[in-house]
Amino acid sequence: MADRKSSSSGAVSSRLTVKRKDRAENEVKKEEKPPKEGENAENTPVENGENTEKPEPMELPPFEIISGDRMDPFFFKFQFKNVEYSSGRNKTFLCYLVDQGPGASGLLRGFIEDEHVSGHAEEAFFQKVLPNYDPALKYTITWYMSSSPCSACAMKLAEILKARKSLHLSIYSARLFEWEEPEIQAGLKALAAAGCKLRMMKPLDFTYTWDTFVENDEQTFMPWEDCQENYEYYQDKLADILQ
């Protein structure tokens, strides 16, 4: 579990976070840099109004699931921001709390991040955090997610909840993922019908997540100006879907 990692693994995770943060900031700077004279927006030389070279396909690093105790504040402020248009937010951060009831080894706490599109944080949770299910235990699981589940993950979660009767899941999401798509709506409905509590994250939820899952250096979280307004917008959309 994330809380039981050794100090050496924590150091490696910290170095990895710094490298990934630098990479993300560099990508933002590259996107904001205007094209030079004689180049188009893709930085490709232009001759007689035509591109002389075809852009090479971008190679993505290998897929991986990243987990830990607390995430970098840079990623939290960007990935969890409950904006309507989530440009550049092509991954999911899942913060979890797991109470296994009396007789268990204590509360499990941490976060999972999926990189790129080869796997999702929701599935990784049941592979890395809770791979074994004991029907004698009563599981109370709470997720704070940067984005609500996709249709495939919602359906898988619904099946898990149906099969594991003593497992209770609550999901609080910062944003709704592609909520206008019929298959997304069907997945959320199936998830709610299976007993999952679905709600959008309120400003207090962002503060709690900041205090519990972020390397905040004891700094106070200040919600962005339209945090409450965006919560109400998404909550209305979710209520319409689930009615």
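1. The model is predicted; local features need pLDDT of at least 70, side-chain atom pairs count only at pLDDT 80 or more, and totals for chains, interfaces and linings use all residues. Residues are numbered from 1 along each chain as its sequence is written, and side-chain values use heavy atoms, with hydrogens and water left out.

2. A nonpolar core is here a set of buried Ala, Val, Leu, Ile, Met, Phe, Trp, Tyr and Cys residues joined through side-chain atoms within 4.5 Å. Buried means under 20% relative accessible area, exposed over 50%, and partly exposed in between (1.4 Å probe, protein chains only). The largest core has 34 residues, of which Tyr96, Phe125, Ile141, Trp143 and Ile171 touch the most other members. Helix 3 (residues 121–129) gives the most to this core, with five residues. Another core, of 19 residues, lies apart from it and has Phe80, Leu97, Phe206 and Trp224 among its members.

3. Helices (H or I, at least four residues) and strands (E, at least two) are DSSP runs, numbered from the N terminus. In helix 6, the buried residues include Phe206, Trp210 and Phe213. Among the elements that cover the buried residues of this helix are strand 4 (93–99), strand 6 (139–145) and helix 7 (227–242).

4. Tyr208 also belongs to helix 6 (residues 203–213), but counts as partly exposed because its relative accessibility is 33%. Contact means heavy atoms within 4.5 Å. Leaving aside neighbours within four places in sequence, Tyr208 is in contact with Leu97, Tyr144 and Phe213. Tyr144 is 64 residues from Tyr208 along the chain, and their C-alpha atoms are separated by 9.8 Å.

5. A salt bridge requires a side-chain nitrogen of Lys or Arg within 4 Å of a carboxyl oxygen of Asp or Glu; by this rule there are four. One of them joins Lys91 and Glu113 (3.1 Å, N to O). Lys91 is in the loop between helix 2 and strand 4, while Glu113 is in strand 5, 22 residues apart. Both Lys91 and Glu113 are buried.

6. Lys156 and Glu123 form another salt bridge (3.6 Å, N to O). Lys156 lies in helix 4 (residues 151–163) and Glu123 in helix 3, so this pair ties together parts 33 residues apart in sequence. Lys156 counts as partly exposed, at 45% relative accessibility, and Glu123 counts as partly exposed at 36%.
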